[in-house]
Amino acid sequence: MPTITKDTFDPAYFTKYFSKNLALACGLVAISTFNYAFDQQGFNSTQAMKAFTREFGTCNKKGVCQLDTYFLSLLNSLVYIGFAAGAWIGSLISAHYGRRMTIFCMSLWALCTATILVTSGVSHNKWQLLVGRVLNYVYIGMELASVPVYQSEVVPAPIRGMAVGSYQVSLGIGGLLINCICRGTSEINDNRAWMIPYGLYYIIPTFVACFIWFIPESPRWLLMKDRDEEALQALKKLRGVGHELSAETELELIRVSLREEADKGSYADLFKGHNRRRTFVVCGIAFFFQATGQVFSGHYGATFVASLGTVNPFNITVAQTAINTVTSFIGILLIDRVGRRPLWLTGSFILFVVLMIMGGLGVNQPVSYGTSQGIVATFLLFQLTYVATLGPLYYTAMAEIPASRLRDKTVRLGATVNIVTVFVVSFTLPYLLQAPYADLGSKVGFIYGSLAFLSIIFGYFFLPELKGRSLEEVEKMFEAGISLRKFKEFQSDANDVGAAVTKLEEDDI
């Protein structure tokens, strides 16, 4: 279990590393993630609304409407075609034209897809809705390819986990906002009930597109493009007034580290030498990030709770996202204080226990009122644990483990594994949950609980501890070929470039 003391959450530890410009830069790109939450949680709630199911579902003779299983499956699985396209397109734009350009382009794209989604209520065409959501996930894929990478490249090592993990916090805040709005509109009897939440998709992209050019570009990306003077000016802005000399020293050390890298940035390099292990770890984390069942709560939570017929699903989604917001803050504070491995192992173990309990509660049929309440409780406990542990760790590890010249390509590959996994889970889940198919209900907990157990094994043997290490020191640690379980004990040579960057980022603040 991770060691937590009263100093773990000391605000002074985190705030001392943030200059005004760095805080603004990280804050702006984190806000862009709200739209991801708007889509994921917005559809989670709206597809349980009576107005939505009446518009796009099938109604029986009693007037009870329900989305067809095949359409529900398509609505929550085909989106990952757009996700995959966005991740690759975003990564290519990011590699060639910069992190800011990617964020700008994805924001403009989101404005177009928002129009398609909102006007599906005017055309009364469910296939337009489906196409609009698939295209909106291009935006989300581009976001995943650029936001965590930018954050990891601009912040000092001691707060990298917190900064990159803020991706999960943004999902929590955005989800809470959209679910509160959906709770309010769910009583409207016409299409405004779900069109109003979708209209919010315009706000965040417009704001981000207007202000993205006011923050510095990633200094590390500029160095890789041989734009040294621009890189220096960007790093000076990010480090703040009074740290100009340390910024020059840090940039020179990063430049030396890039020169020493043997990798030239080809796809073949992903599977050569020490990079083979890095690629395996990133792909493994991407797999377990989705395979442990987050889609169950994130995409189908409202419809599943509604099927129990005991509590208001919209109240539960609001409670769920409120829990997400609070616990995600706790998670990003822990990740740089207790480390990556303790959080992953503890989180995977709790998920394993909770999911097995959820499955066990669904064994006896029919499910009683008290049992259904217990299932909802395990559902909420799953979310609490997930967003505080595995959630922020995925985004952090994906950005910090790859080599500098292979970061964009590794992110593409990791995103592909993520997308394939979540596609399979999303497509099959309605058939596992509902009659006349497998009709497992909460017994799906046995399936995802088993995968959570495998996540424990993976984390123990293959997850390296990178807390407090600069990206350049991480490079040297992988080159040294030490066991992934022993990264925490590794002591770099004091004259090593990577260790020098770490020390500079730790001390000269």
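**Close-up views of a predicted model**

**Figure 1. The cysteines C105 and C112.** C105 counts as partly exposed, with a relative accessibility of 26% (buried is under 20% relative accessible area, exposed over 50% and partly exposed in between, with a 1.4 Å probe and protein chains only). The cysteine sulfur closest to that of C105 belongs to C112 and lies 11 Å away, which is too far for a bond. C112, likewise, is in no disulfide, the nearest cysteine sulfur being that of C105 at 11 Å. The model is predicted, so local features need pLDDT of at least 70 and side-chain atom pairs count only at pLDDT 80 or more, whereas totals for chains, interfaces and linings use all residues. Residues are numbered from 1 along each chain as its sequence is written, and side-chain values use heavy atoms, with hydrogens and water left out.

**Figure 2. The disulfide of C59 and C65.** The structure holds one disulfide (a pair of cysteine sulfur atoms within 2.5 Å), and C59 and C65 form this bond with their sulfur atoms 1.9 Å apart. The torsion about the S-S bond of C59 and C65 is about 95°, and the disulfide is therefore right-handed. C59 itself is partly exposed, at 38% relative accessibility.

Figure 3. Among the 20 salt bridges in the structure (a side-chain nitrogen of Lys or Arg within 4 Å of a carboxyl oxygen of Asp or Glu), one joins the side chains of R183 and E187, at 3.6 Å from N to O. In this pair R183 is partly exposed, at 26% relative accessibility, while E187 is exposed, at 54%. The side chains of D190 and R192 meet in another salt bridge, with an N to O distance of 2.9 Å, and D190 is partly exposed, with a relative accessible area of 32%.

**Figure 4. A buried pair and a network of salt bridges.** The side chains of R340 and D336 form a salt bridge at 3.1 Å, N to O, and both R340 and D336 are buried. Elsewhere, salt bridges link R99, E153, R407 and D408 into a network.

**Figure 5. A nonpolar patch on the surface.** The patch is formed by F280, F453, L454, I457, Y460, F461 and F462, which together have about 640 Å² of accessible area (Shrake-Rupley method, 1.4 Å probe). Its residues have over 30% relative accessible area and no salt bridge, and nonpolar side chains are joined within 5 Å. Helix α23, residues 444-462, gives the most to this nonpolar patch, with six residues (helices are DSSP runs of H or I with at least four residues, numbered from the N terminus). F461 lies in helix α23 and is partly exposed, at 42% relative accessibility.

**Figure 6. The second largest pocket.** About 410 Å³ of space lies in the second largest pocket (on a 1 Å grid, an open set of points where a 1.4 Å probe fits, with protein on both sides within 12 Å along at least five of seven lines; lining residues have an atom within 4 Å of a point). The pocket is lined by 22 residues, of which R100, W213, F214, I215 and P216 are the closest to its centre. The elements that give two or more residues to this lining are α2 (20-31), α7 (99-123), α11 (203-211), α12 (219-224) and α13 (228-239). Of the lining of the second largest pocket, α2 gives the most, with five residues.

Technical notes: Patches are made of residues with over 30% relative accessible area and no salt bridge: like charges are joined within 9 Å, nonpolar side chains (Val, Leu, Ile, Met, Phe, Trp, Tyr) within 5 Å. Grid points are joined across faces, edges and corners, and a volume is the space filled by probe spheres set on the points.
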